[in-house]
Amino acid sequence: MAAQTNRHNIASTKKTSATRSVIRFTFAIVLMVALLPLYILNILFSMLVLKAPIKGENWIDIGGDVVELYSWQVGPFKSSANIINVAMGQVHFVGTPIIRGTTSIPNVKRFKSPCEKAGLYDCLQLHHATGLVASDELTLLEAQATQNCIQDAMLVFKLVVCNALYKKGGCTQGDCQMFGIPFANTTMHDAINWVCQSEQTQTNCRVGYFLNVNSINLASSNKSLHCTLCGSDKNFVDGSGMRIAAQHSGIDLADNVNGTDMLPLLCEQAVQTEQSFFLLGAKEGVAKQAGEALQAKYTGLDIRGTHHGYFNSDDDIIEQINQSGATILLVALGSPRQELWLAKNKHRLNCQCALAVGGLFDFFSGAIPRAPLWMREMGLEWVWRLMQEPKTKFNRYVIGNPVFLFRVFILKQSIRGL
């Protein structure tokens with residue numbers, strides 16, 4: 001009976017693979033027909049300069065296999081010749097990532113790709129385009145390998161949109177600024193190392209903030225907040241809006257360094273480096289629930305204390321934090337209160353580093369669910385937040401986002417000298 005079931009599954013898999021091959025070939029031929037004028041133009045250009053129209057280049061995919069891709073020698077859209085490789089069955093539209101500038105190589109020994117063949121598009125490209133940091137690339141690729149044709153088409157669509165929105169080509173220097181506020185253009189890995197580092201000569205608690213659309217809007221009318229952000233030890237850039245602003249400022253952002261994606265990775269590193277946490281903020285009981293959930297997920301995580309954000313005396317709270325012996329303080333008091341509170345009290349805190357994390361505890365306590373991955377991949381997490389809390393987030397997103405885009409337009413004009 002088991003052998004019969006296995007034969008049935010193998011036959012079903014072969015049938016599905018054959019169907020996908022037919023769909024892939026058909027779609028490639030349709031695209032080649034649609035691009036025929038471009039192909040003819042590039043062939044004519046090649047004849048004029050006495051070159052072969054197409055050349056083959058060898059690449060390596062992350063599974064270690066050699067992949068040959070065609071490209072036009074001269075003319076526009078040189079990579080459009082890749083479709084010929086798809087029609088010939090050499091590569092797929094979606095498959096194993098090919099190692100290029102847009103590829104993050106999974107840190108997996110003897111990596112074996114779960115995908116059948118190399119692909120022109122893949123989920124790691126998408127995450128690179130939007131700055132998302134994947135904690136497990138292999139899991140992402142395994143999910144990609146089980147996608148159907150419609151899901152593959154959606155992945156390609158998301159990549160095309162995101163590449164248009166977050167077009168690369170700017171500077172990649174580590175220290176940058178936008179709207180007069182400095183920030184660290186850094187990877188998530190380096191940001192976490194900065195939070196966890198222990199400095200023998202450190203006298204004050206190091207403070208880090210996350211710059212997003214809301215904080216920029218608030219800082220434009222709040223001089224104290226603007227000065228506070230400018231005077232921080234480290235600012236990280238968070239969100240699709242800031243990524244668009246960076247692109248128009250001629251800056252390529254390394255990663256989308258936001259608190260929600262950072263915390264799981266930070267917890268893993270904190271366990272290894274024996275760091276400890278104090279969670280301050282949110283409604284009563286939320287910080288405690290978040291702490292318990294994190295400790296249940298990350299064995300050995302040391303959370304020294306929690307406290308809600310409704311307190312009258314800074315002295316009592318600071319004394320509680322210092323007595324706990326926590327080395328990392330997460331403050332979720334909402335902007336601009338959390339930034340101003342840290343700027344005012346950082347010299348009184350004994351912890352090594354403090355981060356202003358906004359609504360982070362709501363997510364990890366389970367009070368508010370995180371946006372699904374496909375929305376985060378498209379930079380639409382703010383839509384999810386608006387759906388969850390329409391009244392409290394209306395001004396921030398429905399009014400704030402257009403205002404911010406206008407600020408981006410003004411910023412771009414000022415950079416161009418208009």
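# Exercises on a predicted model

L44 belongs to helix 2, which spans residues 36-48; helices here are DSSP runs of H or I with at least four residues, and strands are runs of E with at least two, numbered from the N terminus. The model is predicted, so local features need pLDDT of at least 70 and side-chain atom pairs pLDDT 80 or more, while totals for chains, interfaces and linings use all residues. Residues are numbered from 1 along each chain as its sequence is written, and side-chain values use heavy atoms, without hydrogens and water.

**Exercise 1.** Classify L44 as buried, partly exposed or exposed.

*Solution.* Step 1: buried means under 20% relative accessible area, exposed over 50%, and partly exposed in between (1.4 Å probe, protein chains only). Step 2: the relative accessible area of L44 is 45%, and therefore L44 is partly exposed.

**Exercise 2.** Classify C227 in the same way, and locate it.

*Solution.* Step 1: C227 lies in helix 9, residues 223-230. Step 2: its relative accessible area is 47%, so C227 is partly exposed. Step 3: from C227 to F409 there are 182 residues in sequence and 23 Å in space, C-alpha to C-alpha.

**Exercise 3.** State which residues line the largest cavity, and of what classes they are.

*Solution.* Step 1: on a 1 Å grid over the protein atoms alone, a cavity is a set of points where a 1.4 Å probe fits but cannot get out, a pocket is an open set with protein on both sides within 12 Å along at least five of seven lines, and lining residues have an atom within 4 Å of a point. Step 2: grid points are joined across faces, edges and corners, and a volume is the space filled by probe spheres set on the points. Step 3: the volume of the largest cavity is about 50 Å³. Step 4: its lining consists of Y166, K167, K168, R243, Q247, I251, D252 and L253. Step 5: Ala, Val, Leu, Ile, Met, Phe, Trp, Tyr, Cys and Pro count as nonpolar, Asp, Glu, Lys and Arg as charged, and the others, Gly among them, as polar. Step 6: this gives 3 nonpolar, 1 polar and 4 charged residues.

**Exercise 4.** Describe the second largest pocket.

*Solution.* Step 1: the second largest pocket has a volume of about 1100 Å³. Step 2: among its 41 lining residues, H92, F93, V94, Y121 and V156 are the closest to its centre. Step 3: helix 1 supplies the largest share of the lining, 8 residues. Step 4: the lining comprises 19 nonpolar, 14 polar and 8 charged residues.
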